[in-house]
Amino acid sequence: ETAQKEAQEYILNDYGEEYTKKSTAKRKNNNAKVQDAHEAIRPTSVHRTPASVKGALSRDQYRLYKLIWERFVASQMAPAVMDTMTVDLVNGPIVFRANGSKIKFPGFMKVYVEGSDDNKEEKDAILPDLKEGDFVTTESIDPKQHFTQPPPRYSEARLVKTLEELGIGRPSTYAPTLDTIQRRGYVALENRRFIPTELGEIVIQLISEFFPEIINVEFTARMEKDLDEIEEGKENWVKVIDEFYKDFQVRLEIAEKEMEEIEIEDEPAGEDCEKCGNPMVIKMGRYGKFMACSNFPDCRNTKAILKEIGVTCPHCKEGQVVERKSKKRRVFYGCSQYPECEFVSWDKPVARPCPKCDRLLVEKKLKKGVQVQCTECDYKEEPQE
């Protein structure tokens, strides 16, 4: 309440009364009541503006603080008012149509506008201020053929948001859930999107066939609701578990008899084992794919699969830079000669030296696209989508 009051005073003084929130009453969160005790991350004082603390922070610290401060202030401001518009541009017998929105009152957008996770820029286009009878000039015509697009793959943020909307899980379980589906090899994270693996699709297919009720999202939400009511003393735990297990036990017995044991076939690795000369194959393990000797168990030789990126190691000048994954499944880059060469980089190295100082160039991921930067000097290239 103290922070809300301070924010309202700040908004009133800096933006005007029309930007203040009319009501600051706390909303009851019915989906996840466990979160009620948690206060959102916010600045210790709204008067510690990003500009006032910038000199004491690193670049990344400043950007994170700016995001937190702007989001907090925006959450305490009046809503934005948008006019949804459909504009017909008449050119003789031809009519061009544009759909979009016009900002009637910016509200919280004066401070913060959230980015889109689903590439909805075209759908949510902001149109200029137009009125009937206006003449417009054609700057260019870019004909495009539009096809129906499938729903976008889940990013980590969008998956958490969906779980929250469906009432599945709690804030404490979101991170372990994301970690588990990757660690067990059900999905792979590519370009910040989850892509189902062959193993993941097989598991889903089998569970859908033998345990259709469990894979239903409503089952998980309902079970969590029942467990909450057990905690509050409104439900008897024996009754809840008994109702679930009666049907589950029958399905489990059927699955044990009828479910086929599926084995994912090994892929040829295209090289021979350096210990026994037999062909190496690619196998699926609990931590992802790896190479193993086809003569197992007589030969137990295994190797990690190294994905080269076409860059010679800038340190030892002999090995190749390869893509690796940390224990938390985060991609980083290192030398193929490890442990002899200990070169590592979180950013992807580029196969050409810096034109300014002849040192290593890397690709830095931005909010939209990537930018090639030097690791030593201030050389930067134009960001690419």
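1. Let's begin with a term: a nonpolar core here is a set of buried Ala, Val, Leu, Ile, Met, Phe, Trp, Tyr and Cys residues joined through side-chain atoms within 4.5 Å. "Buried" stands for under 20% relative accessible area, "exposed" for over 50%, and "partly exposed" for what falls in between (1.4 Å probe, protein chains only). The largest such core has 15 residues, and Ile11, Val46, Trp69, Phe72, Val73, Met77 and Val111 touch the most other members. Two or more residues come from each of helix H1 (2–15) and helix H3 (59–75), with H3 giving the most, 5 residues.

2. Some ground rules before going on. This is a predicted model, in which local features need pLDDT of at least 70 and side-chain atom pairs count only at pLDDT 80 or more, while totals for chains, interfaces and linings use all residues. Residues are numbered from 1 along each chain as its sequence is written, and side-chain values use heavy atoms, with hydrogens and water left out.

3. Now the overall picture. The protein chain has 9 helices and 15 strands; these are DSSP runs numbered from the N terminus, helices being H or I with at least four residues and strands E with at least two. Of its 385 residues, 26% count as buried. The chain exposes about 28,500 Å², and carbon and sulfur atoms supply 50% of that (Shrake-Rupley method, 1.4 Å probe; for residues, only the protein chains shown count as cover). Take the contacts (heavy atoms within 4.5 Å) between residues at least 6 apart in sequence: 39% of them join residues at least 24 apart.

4. Not counting residues up to four places away in sequence, methionine 77 touches Ile11, Tyr15, Tyr19, Lys21, Gly107, Phe108, Lys110 and Val111. Glutamate 70 is worth a look too: this residue lies in helix H3 and is buried, with a relative accessible area of 16%. Leaving aside neighbours within four places in sequence, glutamate 70 is in contact with Val111 and Tyr112.

5. Next, the aromatic rings. Rings of Phe, Tyr and Trp (its six-membered ring) pair if their centres lie within 6.5 Å; planes under 30 degrees apart count as stacked, over 60 as edge-to-face and the rest as tilted. The structure holds 8 aromatic pairs. In one of them, tyrosine 245 and phenylalanine 248 have ring centres 5.8 Å apart and planes at 50°, so the pair is tilted. Both residues lie in helix H9 (residues 237–258), 3 residues apart, about one turn of the helix. Tyrosine 245 is partly exposed, at 37% relative accessible area. Ring pairs also link Phe211, Phe219, Phe244, Tyr245 and Phe248 into a cluster.

6. What parts of the chain does the pair of phenylalanine 332 and tryptophan 346 tie together? Phenylalanine 332 lies in strand E11 (residues 331–335) and tryptophan 346 in the loop between strand E12 (344–345) and strand E13 (348–353), so the pair joins parts that are 14 residues apart in sequence. Phenylalanine 332 is buried, with a relative accessible area of 17%, whereas tryptophan 346 counts as partly exposed at 47%.

7. Have a look at helix H4 (residues 156–166) as well. The buried residues of H4 are Arg158, Leu159, Val160, Thr162 and Leu163, and their cover includes helix H5 (171–183) and strand E4 (193–196). After H4 comes glycine 167, with a positive phi near 75°.

8. Last, the strands towards the end of the numbering. Two strands pair if DSSP finds at least two bridges between them. E13 and strand E14 (residues 360–365) pair in the antiparallel sense over 3 bridges, and proline 349 has valine 362 in E14 as its bridge partner. The two form a hairpin with 6 residues between them, and aspartate 358 in the turn has a positive phi of about 65°.

9. E14 also runs antiparallel to strand E15 (residues 370–374), joined by 5 bridges, with lysine 365 opposite valine 370 in E15. This hairpin has 4 residues between its strands, and glycine 369 in the turn has a positive phi of about 90°. Is glycine 369 buried or partly exposed? At 22% relative accessibility, glycine 369 counts as partly exposed. The C-alpha atoms of glycine 369 and glutamine 384 are separated by 5.3 Å, though the two residues are 15 apart along the chain.
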